[in-house]
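Have your viewer open and follow along.

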Amino acid sequence: MSEEIRVAVVTGGGRGIGKGIVEQLCTDGYAVVVADLDPATAQSTADEMTAKGFKAVSAAGDVSKREDHDKFVKAAIDSFGRLDTYINNAGIAQIKTLQEETLEDMERIYGINVFGTLFGIQAATAQFRQQDDGDKVRKIINASSIAGHIAFDLLGAYSSTKFAVRGLTQAAAKELGSEHITVNAYCPGIVGTDMWELIDEKMVDIKGGQKGQYLEQYSQLITLGRVQTPADVANYVSYLASSKSDYMTGQAVQIDGGIQFI
């Protein structure tokens, strides 16, 4: 295996934003482990990449389980010999008022969005410490959200998890900087994926109206005038995963087409 190869794990990489990130990193020359809860989805995306001549393998697992992150790292080592970048992309949303949230709801969303991010940081860091990389900068990249900067009603639990991801990102950046490990986050806005279709559907259930109404309503907030695509997010993640961002750490930048200006 060439010493020049860069290797990334992308959780939730089988579809949506995660698949967009996988596609972009493969184009950038990365070998990628497509990690996803659904084995078929992970395999399908990995097969699609290899059919295009890229290097990709699949790994199935649940990000809320610490041991499954070790499986993702092992897949990278077994397949490509090293790890350079770990992307904690997997996440879920819940559409409820805070009064309706149950302990089960909160345990599930925190298990995936927050614990999943923490476990990914831990697994990646453990592997980075085993590698003799000298001064080479290694990357951990986390998925936050514009809702992690300003909370949204009916997305209270989700918003709180994305604030937590920003906190983990900052703390990890401070703890790991001396080891040549950077930790940053990306904060998407309104992305045309299954998650936003679910948000729209649930808002219709709660507020009434018609399918597509709330996606259109929130889209009016976008300065650039269109819903963003997974590729829009992946382009920024590509920068975070590249050497061009080596002097950047602890940041959580909003990539939202101009919804929030903070």
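What follows covers the nonpolar cores, then the aromatic pairs, then the cysteines.

First, some housekeeping: this is a predicted model, where local features need pLDDT of at least 70, side-chain atom pairs count only at pLDDT 80 or more, and totals for chains, interfaces and linings use all residues. Residues are numbered from 1 along each chain as its sequence is written, and side-chain values use heavy atoms, with hydrogens and water left out.

Start with the inside. In soluble globular proteins, nonpolar side chains tend to be buried together. A nonpolar core here is a set of buried Ala, Val, Leu, Ile, Met, Phe, Trp, Tyr and Cys residues joined through side-chain atoms within 4.5 Å. Buried means under 20% relative accessible area, exposed over 50%, and partly exposed in between (1.4 Å probe, protein chains only). The largest core has 47 residues, and Val9, Leu83 and Ile140 touch the most other members. Among the elements that each supply at least two residues to this core are strand E1 (6–11), strand E2 (30–36) and helix H3 (66–80); helices and strands are DSSP runs numbered from the N terminus (helices H or I, at least four residues; strands E, at least two). H4 gives the most, with six residues.

Zoom in on Val9: leaving out residues up to four places away in sequence, Val9 touches Val33, Ala35, Phe72, Ala76, Leu83, Thr85, Tyr86 and Ile87, where contact means heavy atoms within 4.5 Å. There is also a second, separate core of 26 residues, which includes Val22, Leu25, Met49 and Tyr236.

Now the rings. Searching the whole structure turns up three aromatic pairs (ring centres of Phe, Tyr and Trp, the latter by its six-membered ring, within 6.5 Å; planes under 30 degrees apart are stacked, over 60 edge-to-face, the rest tilted). One of them is Phe115 with Phe119, tilted, at 6.3 Å centre to centre and 35 degrees between the planes. Both sit in helix H4 (residues 103–130), four residues apart, about one turn of the helix. Phe115 counts as partly exposed because its relative accessibility is 42%, while Phe119, at 17%, counts as buried.

Another tilted pair is Phe152 with Tyr218, at 6.3 Å and 50 degrees. This pair links distant parts of the chain, 66 residues apart: Phe152 is in the loop between strand E5 (138–143) and helix H5 (156–176), and Tyr218 is in helix H7 (residues 213–219). Both Phe152 and Tyr218 are buried.

How many disulfides are there? With a disulfide defined as a pair of cysteine sulfur atoms within 2.5 Å, the count is zero. Cys26 counts as buried because its relative accessibility is 2%, and Cys187 counts as buried at 0%.
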